[in-house]
Amino acid sequence: MKRVFNFSAGPSALPLPVLERAAAEMTCANGTGQSVMEMSHRSKDFKPIIEKTEALLRELMGIPKNYQVLFLQGGASLQFSMIPLNLAAGESGAPRKKAAYIDTGVWAKKAAEEGAKYADVRVRASSKDRAYTYIPQAPAPEPDDAYYHITLNNTIVGTKWAALPETSAVPLAADVSSCILSEELDVSRFGILYAGAQKNLGPAGVTVVIIREDLIGHAPSWTPALLRYDIHASEGSLYNTPPCYGIYITGLVLEWLKDSGGVSAMARRNREKADLFYACLEKSRLFRSPVEKPFRSLMNIPFICTLEDAEKRAELEARFVKEAAAAGLVNLAGHRLVGGMRASIYNAMPIEGVQALIQFIEAFER
Ligand SMILES: *Cc1c(COP(=O)(O)O)cnc(C)c1O
């Protein structure tokens, strides 16, 4: 069967050369006579795979030496718990530290709610008043904040921070699940970065954490071993069995990204794709972007029908999603919490996919 253009927000499309290479190596990887799925995570066969994946990520993102790279499980969502546990929780009976959060949508809110179980969470700004269609002004941190948490790209509403907040000595913690490697990022501006792999990095099941070394080793003694950064860091992500196959595929995606010109080339392509699509929405009489211009995401582009009548609107949106799928443009329905449509155009989406969607929109309008 012909491959479709997959606009899913996650798990999402992977580069075809990566899938083809994985298929070719499925039963025998690197001349070992084994699939990567069958390898011991402590074997001499797997070691170069995890080492190569880390080295490529360090090279592509320019990760400074004083940061550790961890390959964990539990998704981005487990980082909503691990960050406050490791950076702000107290020993039994001792007070918790304060932590600043900016509420820019569903994931940011979840991070703050989970964080409040272990940290003294202070939500310092929110864009909820206008349905999260913008990024609010970020107030300066308080000097005793343990960290300052943001969601750099908001997958569901399609906003992104146009500039990073100034947090002086307070470590900036950022969820970069849906924008990692989409544009250049100065890692040294952050204390900790984390991303579930299934948007821009690889398959579901791996979570990448990039953490500055001075932030490791502050978890209270009651913290479960598997949730401690210091244990994962000292064991090189091999304290227990890591998501081996996902790490391998992530390595292949990073190789593909490097061969495609690295992050700057990817960013250029991503801006070109997003510009084309936003221009199409600007021109459209039937659809528009609900997001305020300075904050529009390059990766996730929601769009809504402009019809006044709610019933007609819902009918037309459903018809759009259905007919698009029949034309090989799949997963264009918006998130179940916000409705409408959404095109997620991560690194692996070729410009041809965006052009095909634009042509479909123009034909649909006619
Ligand atoms: C998808 C997503 C999550 C949730 O990721 P899981 O890996 O399913 O826990 C969290 N934050 C952002 C920004 C996301 O896009």
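Predicted model: local features only at pLDDT ≥ 70, side-chain atom pairs only at ≥ 80, totals over all residues.
Trainee: Let's start with the ligand. How many residues surround the ligand, and which are the closest?

Mentor: Happy to begin there! The shell around the ligand has three nonpolar, eight polar and two charged residues. Taken as a whole, 13 residues surround the ligand, and the closest are S77, T155, D175, Q198 and K199.

Trainee: What share of the ligand does the protein bury?

Mentor: A polar side-chain atom of S77 lies 2.6 Å from a ligand oxygen atom, and one of K199 lies 2.7 Å from an oxygen atom of the ligand. In the side chain of D175, an N or O atom is 2.6 Å from a nitrogen atom of the ligand. Taken alone the ligand exposes 390 Å², and the share of this that the protein buries is 87%.

Trainee: With which side chain does the side chain of N300 make a polar contact?

Mentor: Leaving aside neighbours within four places in sequence, N300 is in contact with several residues, including A9, N153, T155, S178 and Y346. The polar contact between side chains, at 2.7 Å, is the one N300 makes with N153.

Trainee: What about aromatic rings: how are the rings of Y101 and Y147 arranged?

Mentor: The structure holds 11 aromatic pairs, so let's take this one. The ring centres of Y101 and Y147 are 5.8 Å apart, and their planes stand at 75 degrees. Planes over 60 degrees apart count as edge-to-face. So the pair Y101 and Y147 is edge-to-face.

Trainee: How many residues apart in sequence are the parts that this pair ties together?

Mentor: Y101 is buried, with a relative accessible area of 2%, and Y147 is buried too, at 0%. Y101 lies in strand β3 (residues 98-103) and Y147 in strand β5 (residues 145-151), so the pair ties together parts whose separation in sequence is 46 residues.

Trainee: Which residues do ring pairs link into a cluster?

Mentor: Ring pairs can join up into a group. In this model, the cluster they link is F277, F287, F303, F320, F360 and F364.

Key. Residues numbered from 1 in each chain as written. Heavy atoms only, no water. Near = heavy atom within 4 Å. Polar contact = N/O pair within 3.5 Å; in protein donor to acceptor, adjacent residues only side chain to side chain. Areas by Shrake-Rupley, 256 points an atom, 1.4 Å probe, with all protein chains shown as cover. Nonpolar A, V, L, I, M, F, W, Y, C, P; charged D, E, K, R; others polar. Contact = heavy atoms within 4.5 Å. Phe/Tyr/Trp six-rings, centres within 6.5 Å; stacked < 30°, edge-to-face > 60°. Helix = DSSP H or I, 4+ residues; strand = E, 2+ residues; numbered from the N terminus. Buried < 20%, exposed > 50% of the residue type's maximum accessible area, 1.4 Å probe, protein only.
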